[in-house]
Amino acid sequence: TTFQDGGEEVEDGAVYNVTLKKVQIQQAANKGARWLGGEGDQLPPEHTVRQYETSKIRAIKAGTLEKLVENLLTAFGDADFSYISIFLATYRAFASPRAVLELLLDRFGNLETSSQGEVANLNSLESEMVLRAEIASVLRAWLDQCSEDFREPPDYMCLLKLLDYLKNNMPNSDMESRVQNLLKQFQSQEVEAVDGFCNTSSSDLVDGEELDISNPEEFSSFQDHVVAEQLTYMDVMLFRRVVPYHCLGSIWSQRDKKENKNLAPTVRATITQFNAVTKCVISTILGTRELKIQQRAKIIEKWIHIAHECRILKNFSSLRAIISALQSNSIYRLKTTWMCVSKDILLMYEELSDIFSDHDNYLTSRELLMKEATSKFANLDSSEKENQKKSQKRLQLQKNKGVMQGTVPYLGTFLTDLIMLDTALQDYVEGGLINFEKRRREFEVIAQIKLLQSSCNSYCLIPDQKFIQWFRRQRHLTEEESYKLSREAEAAADTNILSPKSQKSMVKRISTLFLGTDVFTPPKEQPLKSSPVGGSSGESTDSASVSSCEFNHSETEDVCVTPISSPEDPLKKISGYSLSSCSPDSSMSTPSSGVSSLPSKGSISDAGSGLDSGSIPSRDSGSVPSGAPKALPVYNRQSEGSCIIRVSMDGLHASVYKSILITNQDRIPDVTQRALLKHNLEPDAVEDYELVQVISEDKELVFPRDANVFYGMNSHVNFDFILRKKA
């Protein structure tokens with residue numbers, strides 16, 4: 001089979017990509033060979049005749065909503081077999097379920113008026129049967145793949161409209177019964193709290209219980225694999241409930257508006273759970289003042305073992321949450337405590353951290369995730385023999401149980417890719433047509449989420465109510481509390497055992513953990529002010545935001561993690577590096593930071609650097625072939641006259657970045673207006689603000705009023721800007 005680009009076809013309200021598909025349909029012996037009695041597959045090529053057939057594949061590239069809905073009925077005829085799935089997974093970005101249903105049923109599905117409507121040639125009984133079958137096929141796919149679209153309490157207008165249509169046009173059909181059952185199911189169900197596992201509010205506790213600071217002895221009583229299994233159980237339950245369209249960049253990026261406080265609840269629930277795990281790690285390590293250095297080191301070791309168990313279970317969400325907490329400012333700065341962690345466990349920690357290296361847009365974690373997405377068990381490799389032995393032993397125990405494992409991803413990787421796509425690609429093309437090529441690109445990411453959700457059905461985990469109740473009872477430390485306790489823990493230690501080089505600042509600025517369109521800058525090593533770094537509870541960020549991991553307890557939807565990295569990691573040179581040990585049989589070193597940053601944080605800064613080189617997977621072989629797409633605009637790189645910058649607001653929003661696409665035609669007023677809109681401020685106040693590029697800690701580049709931002713910016717530093725009110 002060969003493919004050839006057939007160009008474009010333009011119709012009224014639609015543009016199609018055309019691909020010519022050439023397929024060999026027959027190979028037979030030629031006339032002389034047949035006279036000799038030969039068969040085609042037994043003869044050399046010169047004695048055979050090959051017959052080919054060329055078919056045309058039409059894939060809609062852009063169109064009006066009417067044309068896109070009409071294409072649902074004709075896509076199979078055009079050999080665009082994936083169109084229905086792509087449309088259903090992404091249409092919420094440009095239309096509502098009611099608008100699509102009305103077009104499908106009233107305009108194209110009304111069999112009584114179809115002969116005078118869009119389908120004028122359907123005037124026979126046979127044609128009506130074909131149309132009815134096509135509509136039934138679309139509706140069946142809709143109910144199979146996106147039944148949540150019809151959950152509209154308390155009226156369920158779309159579901160009632162669909163039921164009425166089926167009664168009139170397909171009475172007593174299986175689909176009519178199915179819709180009736182779905183309506184009863186929705187009406188009988190109360191609104192479920194999708195974050196029930198990780199909500200730590202007092203209303204979820206049993207009468208008489210109170211939130212506790214972790215008791216080290218109680219925490220130590222849980223076996224490492226039990227903790228990992230229970231975290232995986234909670235993550236699986238939440239990830240399976242994620243509604244894929246909630247992850248679309250155009251939807252998720254709107255959640256910080258006041259009217260959208262209940263937007264994308266399934267994604268918010270995974271973020272809340274991620275935060276709960278991260279905060280639990282911090283509270284168990286810092287929550288008890290009386291702990292000795294060695295005891296605190298043992299708790300850190302236990303969490304590293306738990307992270308390793310999560311790796312065996314292929315739970316990348318809790319794995320990253322634990323590693324993130326250990327890399328947070330308040331934990332990472334416990335230098336003396338880290339020196340009491342054994343060398344073998346530090347090596348294990350480094351290997352787990354390296355999974356989430358930000359090199360080449362988190363290529364390692366992306367490749368590992370796709371490699372293990374459908375594998376029965378984890379593929380464990382370790383450069384350290386002892387760790388390799390333990391890993392294989394634990395993995396063998398899992399295999400002996402005979403139960404396949406699923407894979408729980410770190411959702412932020414996908415959210416970042418979808419945000420980047422939404423930022424880089426236009427919603428509409430020339431003529432006001434909906435850009436459906438953008439939706440095809442988004443579906444490549446959505447399809448991966450669906451694949452991983454299916455794999456989660458393989459888990460067979462039983463909830464341990466004792467652990468779940470303990471997990472719910474944990475009182476999470478605020479940013480101020482964790483930083484204060486961290487300083488107190490270090491104050492009693494002898495800080496002189498560390499070399500001057502290892503005392504350098506290890507704090508690395510990172511971009512957002514979940515979406516990459518906002519960035520929190522970690523605090524320096526100094527007492528915190530009374531106000532939290534993360535902002536007020538009324539604020540929301542354009543990502544599952546990252547604070548300095550001294551958590552802002554009022555912002556429950558922010559992933560509060562600050563990774564730390566060292567330019568010269570002592571652990572990287574462990575063979576030639578030694579320090580006095582805390583015990584005769586344990587060797588010590590500073591905590592690993594082969595950790596160049598947190599797990600696939602999915603930050604714009606990092607995602608942008610490699611997005612066009614593989615962060616968005618290529619379309620699979622079953623989809624319609626097309627030419628190589630243009631490189632997308634990315635952060636920190638000017639390419640083909642465009643790039644992505646990050647703009648923060650001075651003052652109230654000083655710690656939050658928004659990503660903005662600019663071209664070589666954009667001047668200061670244009671960029672300023674878009675930045676104000678992104679931050680939900682009045683765009684008319686352009687004249688009141690000035691745009692500044694951050695060159696270094698003590699240098700800024702101030703732009704004149706009508707400057708061209710693309711050509712005027714310094715392209716040799718980070719593309720970080722501040723929008724500041726004029727003096």
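Setting aside neighbours within four places in sequence, Glu176 touches Leu163, Leu166, Lys167, Met170 and Pro171. This comes from a predicted model. Glu176 itself sits in helix 7, which spans residues 174-188. What stands out is its charge: Glu176 is buried and yet has no salt bridge. The nearest side chain of opposite charge belongs to Lys167, and it lies 5.2 Å away. Lys167 still turns up on the list of residues in contact with Glu176.

Next comes the packing of helix 4 and helix 6. Helix 4 covers residues 97-107 and helix 6 covers residues 157-169; their axes are 10 Å apart and meet at an angle of about 10 degrees. Helix 4 therefore runs roughly parallel to helix 6. On the helix 4 side, the contact is made by Pro97, Arg98, Leu101, Glu102, Leu105 and Asp106. Helix 6 answers with Met157, Cys158, Lys161, Leu162 and Tyr165. Sorted by class, the contact between the two helices has seven nonpolar residues and four charged ones, with no polar residues at all.

Taking contacts with a separation of 6 or more, 73% of them link residues 24 or more positions apart.

Definitions and conventions. Residues are numbered from 1 along each chain as its sequence is written. This is a predicted model: local features need pLDDT of at least 70, side-chain atom pairs count only at pLDDT 80 or more; totals for chains, interfaces and linings use all residues. Side-chain values use heavy atoms; hydrogens and water are left out. Axes are lines fitted to C-alpha atoms, for helices over the stretch in contact, and angles run from 0 to 180 degrees between N-to-C directions. Helices (H or I, at least four residues) and strands (E, at least two) are DSSP runs, numbered from the N terminus. Angles under 35 degrees count as roughly parallel, over 145 as roughly antiparallel, 65 to 115 as roughly perpendicular and the rest as oblique. Contact means heavy atoms within 4.5 Å. Ala, Val, Leu, Ile, Met, Phe, Trp, Tyr, Cys and Pro count as nonpolar, Asp, Glu, Lys and Arg as charged, and the others, Gly among them, as polar. Buried means under 20% relative accessible area, exposed over 50%, partly exposed in between (1.4 Å probe, protein chains only). Lys and Arg count as positive and Asp and Glu as negative; His and the chain ends are not counted. A salt bridge is a side-chain nitrogen of Lys or Arg within 4 Å of a carboxyl oxygen of Asp or Glu.
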